[in-house]
Amino acid sequence: MGEPRPARRGRRRDRRVYLGSHPVLFALLAATRRAPVRRIGRIVLVHDAAPFADALRRVPVDRSAERTTAGAARRATGGDGFLFDQDGAGHRQTRRGAASVFGADGVARLRPVWLEVLRRRLAPLGDGAEVDVVDLVVELSGASTAAMLDVSVPAHALTDAARSAAALAARGHLPGLRWPGRARRDRAATASAAAELTRLLGGPADEAARGGMLAVASINTTVAAIPRAVAWCADDRLWPAADRADSRAALVSELLRVTAPSPVLPRVVAGAAELADTRPLRAGDRLLLVARHAARAGAPHPDPAAPVPAAVGHLVFGTGPHHCPGARLAHAQLDDVLAALAPYRPVVTGARVDRRSALPGWARLTIRATR
């Protein structure tokens, strides 16, 4: 058979993340993806870009329902879902506050924090040593989030607490077998993890819960996305594009598209609505909005010279009034990571799937320099 073409290695390795971390969920998604919208009982799976965007912009949803993003946020933090479960004036006010954190000025304030981590943690590559990208990103995301929230918390401690809380909270809406008593034990463990996260952050309960929500969202997506993007870049030999500022921005967008850090957005319909070619939606129907399919993560391969249209690729961050406010931060961090790694032209020397995380990702990803 010979050696696989470089352009196929990245996708082949990344597929292991899905098969190893959430096999039941992604078997369901793969089996239904040929239809733009597929109804299975009270569950409606949305795969294509147009109905995906339509669902986020027009369909009324119950933002306080269990087994949704907001529900997971409340379980993980012990408070309200804030950005996830708000609507109207309250949501607009909260987003204006988030803009100061995730906007251009906020990103510029945080950038020196993660650049220091990159300089220190990548230095061993120059001496021929291996570096675990996951552990590096654990520190990078924890340090950046602590600075974002203006708290003095060790980076690894904050990251571990946020990842543990998210993983336990996510179990409630993932498909699979439910052993007797498991739900009760999971609720207790989730409450304990949420308490630990708010204890680390300190301050008034509402403020700690709000900070916990930002920490859970920011840390989990960062730790899921960046190592997968680095592996894909190494496997498909995309470092020349990462080495040039004029092509790196497009490469970052493409890698975020194919990795789709939050691959599925679970929602619950709040009232009667229509969506694409499916039967009318009813209150209580569960929507599984498959961001990775809407953004065409399955094809084509990431190509900074011919990226997919921005309106499609950006769907990994959602769309409409509830699109992810951290998109700018995600692009900036991955851009700097790739710029710091590109001169070393690293290759992957080892990888192990994280089978406990809330989002598909690596538990360990080691690299070494080739120059």
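**Figure 1. Aromatic pairing in the predicted model.** The structure shown is a predicted model. Its count of aromatic pairs comes to one.

**Figure 2. A charge over a ring: Arg292 and Tyr18.** Arg292 places its charged end over the ring of Tyr18. The distance to the centre of that ring is 4.3 Å.

**Figure 3. Helix H6, residues 104–122.** H6 contains 19 residues. From first C-alpha to last, H6 reaches 26 Å, close to the expected 27 Å. The helix bends by about 35° at Leu110. A proline, Pro112, follows within four residues. Leu110 is also one of the buried residues of H6.

**Figure 4. Thr222 in helix H10.** H10 spans residues 205–235 and includes Thr222. Is Thr222 buried or exposed? Its relative accessible area is 9%, so Thr222 counts as buried, the cut-off being under 20%. Beyond its neighbours within four places in sequence, Thr222 is in contact with Val137, Ser141, Pro227 and Gln333.

**Figure 5. The whole protein, for context.** The fold has 15 helices and seven strands. Of the 371 residues, 54% are buried. The accessible surface comes to about 16500 Å². Carbon and sulfur atoms account for 54% of that surface. Take the contacts between residues at least 6 apart in sequence: 71% of them join residues at least 24 apart.

How values were computed: Residues numbered from 1 in each chain as written. Predicted model: local features only at pLDDT ≥ 70, side-chain atom pairs only at ≥ 80, totals over all residues. Heavy atoms only, no water. Helix = DSSP H or I, 4+ residues; strand = E, 2+ residues; numbered from the N terminus. Expected span 1.5 Å × (residues − 1). Bend = angle between axes of the 7 residues up to and from the residue. Buried < 20%, exposed > 50% of the residue type's maximum accessible area, 1.4 Å probe, protein only. Contact = heavy atoms within 4.5 Å. Phe/Tyr/Trp six-rings, centres within 6.5 Å; stacked < 30°, edge-to-face > 60°. Lys NZ or Arg CZ within 6 Å of the ring centre and 35° of its normal. Areas by Shrake-Rupley, 256 points an atom, 1.4 Å probe, with all protein chains shown as cover.
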